[in-house]
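User: Hey, I'm new to reading protein models. Could you walk me through this one?

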Amino acid sequence: VLDAILQDKEVTALYLFPTKALAQDQLRSIQEFTGFGSIIPATACVCDGDTSQSERFAIQEHEGNIILTNPDMLHVTLLPEHKKWTRVWKNLRFVVIDEAHYYKGAFGAHVAMVLRRLTRVCLHY
């Protein structure tokens, strides 16, 4: 992901985590690689239920190459409002699914359907 962003700073990646806590932990790790003084021009941000409307707007318009979220946020906000997230979808090159062993049973079936919707939205852009 970071190599692709080095080649094209418009590239976006979507990282899916089963919990908000995991996304927050990974945000800190990613920021260590991409923070002040880094040669990698990437920015990472979390988009979850705690993200304010103004922060969501910034992500939609210009902020964040790497967007950390969860399947429910993808289902409830990003996909239904896909027109607001055009920048992300047009430049999306990677979807990283963390902790795949969590996605089983009813939750796994739900996530599978959300990922199918994600595929359809991406094909649209």
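**Chatting about β1**

User: In β4, which residue is the bridge partner of L16?

Analyst: L16 has I97 as its bridge partner in β4. Strands here (E, at least two residues) and helices (H or I, at least four) are DSSP runs, numbered from the N terminus. One heads-up: this is a predicted model, where local features need pLDDT of at least 70 and side-chain atom pairs count only at pLDDT 80 or more, while totals for chains, interfaces and linings use all residues. Residues are numbered from 1 along each chain as its sequence is written, and side-chain values use heavy atoms, leaving out hydrogens and water.

User: How many bridges join β1 to β4?

Analyst: Five, and the two strands run parallel, with β4 covering residues 92-97. Strands pair if DSSP finds at least two bridges between them. β1 also pairs with β3 (residues 66-69), again in the parallel sense, over four bridges. There, A13 sits opposite I66.

User: Which way do the residues of β1 point?

Analyst: T12, L14 and L16 point one way, A13 and Y15 the other, and all are buried (under 20% relative accessible area; exposed is over 50%, partly exposed in between; 1.4 Å probe, protein chains only). In a regular strand, side chains alternate between the two faces of the sheet. Since five of the five residues of β1 are buried, the strand is largely enclosed by the rest of the structure.

User: New topic: what does L14 touch?

Analyst: Leaving aside neighbours within four places in sequence, L14 is in contact (heavy atoms within 4.5 Å) with residues including I67, L74, W89 and L118.
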